[in-house]
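Here is a protein model to explore, with a short tour to go along with it. Keep the picture open while you read and look up each spot as we get there.

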Amino acid sequence: MPTKIEKDSISGQLTTGHEWDGIKELNRPLPKWWVYIFVATVIWSGVYFVLYPSIPGISGYFHGLLGYSTRDTVEADVAAVVKQRSVYMDRIAALPYDAIRRDRQLLAVAETAGRIVFADNCQPCHGAGGGGSPGFPALAAGNWLWGGKLADIETSIVFGIRGGHDNARQSAMPRFGVDAMLKPDEIQAVADHVMVLYGKSTVGSPAGAKIFAENCVACHGDAGQGNREVGGPRLASRTHLNADDRATVVGQIANPRMGVMPHWNTRLDQATIKSLTLYVHALGGGE
Ligand code: HEC
Ligand code: HEC
């Protein structure tokens, strides 16, 4: 019930005239500076609403008079980086390998690009830094199946190996066991010979050596030195495509694994493939 406005005897302030059960309300308005700031922010929010994207709609939103959009800003930034990069990438695509390698800055750009693309696309099979894993060849070791020159590496990447491309590298080790080309004891004997070539056994098998000479040398070389024409691995080596235990060797002879390497010509552009080639070549095994 409104009562009259009076002066409070304790605080010396005026009351508002409101009173509840004998409790009176002092008239303590908000400080002026606070009210002004409040009004200013309300006005500012109105201005902001008009200038910047604000009111959502059903099929879009009000874009604001300034037309500002974070998406546009990001797109402009990305376009700037792509443009900057394309200067290098265009040159990498256009120049022959030896010219790229003579240009230290360009080579650094190519190898950095190659490293990033390798980590995204190749590392799952070939391991970090091309270290390889059973069934997936090490690319840093220098024990190449198909060849370690820049042109060889590029061909392997562009067309792949047994991956279905018309120009893919092809070769198939015969299935000596599955197709009954060798008897089980002959497979064991030739596996003994392979273990000698691997340097993991000194107990040779004359019978195994004979079977090897008759069946294997075309692709693996008479001394197990390999044959790059057909991607036949060097067996006289300490690094191998597959695991180097005897059971794996027996399994390979009976039913070869025939690993598949995808082709990348439809997935990566020319400059990226050349960058990858330079990166792989520089991993340690390049010829
Ligand atoms: C799905 C697994 C897989 C992926 C992914 C893969 N590779 Fe391979 N790659 C293989 C296999 C398996 C071989 C060996 C095939 C054979 O038996 O000859 C191989 C062989 C190669 C060779 C030939 C090696 C030699 O000794 O001659 C090169 C070079 C190569 N890969 C590079 C790459 C690069 C670069 C990438 C990424 C763009 C890549 N690979 C991605 C599985 C893969
Ligand atoms: C027509 C060619 C060809 C013939 C013949 C052939 N191989 Fe192979 N061999 C290959 C190829 C290609 C590979 C690697 C491909 C794969 O399995 O992924 C291979 C892989 C191997 C490996 C695994 C090597 C490693 O680094 O892990 C062994 C072991 C092997 N062969 C043994 C033999 C033996 C033993 C014979 C004879 C009984 C033989 N091969 C005959 C083509 C041949």
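## Around ligand 1

Let's start with ligand 1: helix 5 (123-126), helix 6 (150-159) and helix 11 (270-281) each bring at least two residues to the shell around it. Helices here are DSSP runs of H or I with at least four residues, strands are runs of E with at least two, and both are numbered from the N terminus. Helix 6 gives the most to this shell, with three residues.

Before going on, a word on the ground rules: this is a predicted model, where local features need pLDDT of at least 70, side-chain atom pairs count only at pLDDT 80 or more, and totals for chains, interfaces and linings use all residues. Residues are numbered from 1 along each chain as its sequence is written, chains are lettered from A and ligands numbered from 1 in the order in which they are written, and side-chain values use heavy atoms, with hydrogens and water left out.

Which residues come nearest to ligand 1? Of the 24 residues around it, they are Cys122, Cys125, His126, Leu145 and Met261. To be counted as near, a residue needs a heavy atom within 4 Å of the molecule. By class, this shell has 17 nonpolar, six polar and one charged residues. In that scheme Ala, Val, Leu, Ile, Met, Phe, Trp, Tyr, Cys and Pro are nonpolar, Asp, Glu, Lys and Arg are charged, and the others, Gly among them, are polar.

## Around ligand 2

Now for ligand 2. Met173, Cys216, Cys219, His220 and Asn242 come nearest, out of 25 residues around this ligand. Its shell draws at least two residues from each of helix 7 (184-197), helix 9 (217-220) and helix 10 (246-254). The class count is 15 nonpolar, eight polar and two charged residues.

Here are some atom distances for both ligands.

| Ligand atom | Protein atom | Distance |
|---|---|---|
| Ligand 1, nitrogen | His126, polar side-chain atom | 2.8 Å |
| Ligand 1, oxygen | Leu145, polar backbone atom | 2.7 Å |
| Ligand 1, oxygen | Arg162, side-chain N or O atom | 3.0 Å |
| Ligand 2, oxygen | Leu241, polar backbone atom | 2.8 Å |
| Ligand 2, oxygen | Gln252, polar side-chain atom | 2.9 Å |
| Ligand 2, oxygen | Gly259, polar backbone atom | 3.0 Å |

## Where the domains meet

Zoom out a bit, and the chain is divided into domain 1 (73-163 + 262-281) and domain 2 (184-254), with bounds from an automatic or database domain assignment. Their C-alpha centres lie 33 Å apart. The contact (heavy atoms within 4.5 Å) takes 13 residues from domain 1 and 13 residues from domain 2.

How much area is buried between domain 1 and domain 2? It comes to about 910 Å², and carbon and sulfur atoms give 51% of that. Buried area is the accessible area (1.4 Å probe) that two parts lose on being put together, summed over both. On the domain 1 side, Asn143, Leu145 and Trp146 lose the most area to domain 2, together 57% of what that side buries.

## Salt bridges

Side chains of opposite charge can pair when their charged atoms come close. The rule for a salt bridge asks for a side-chain nitrogen of Lys or Arg within 4 Å of a carboxyl oxygen of Asp or Glu. That rule gives nine salt bridges, but zero between domain 1 and domain 2. One of the pairs is Glu6 with Lys24, at 2.5 Å from N to O. Glu6 sits in the segment before strand 1 (15-20), while Lys24 is in strand 2 (residues 23-26), so to speak 18 residues apart.

Terms used
A polar contact is a pair of N or O atoms within 3.5 Å; within protein, one must be able to donate a hydrogen and the other to accept it, and residues adjacent in sequence count only if both atoms are side-chain atoms.
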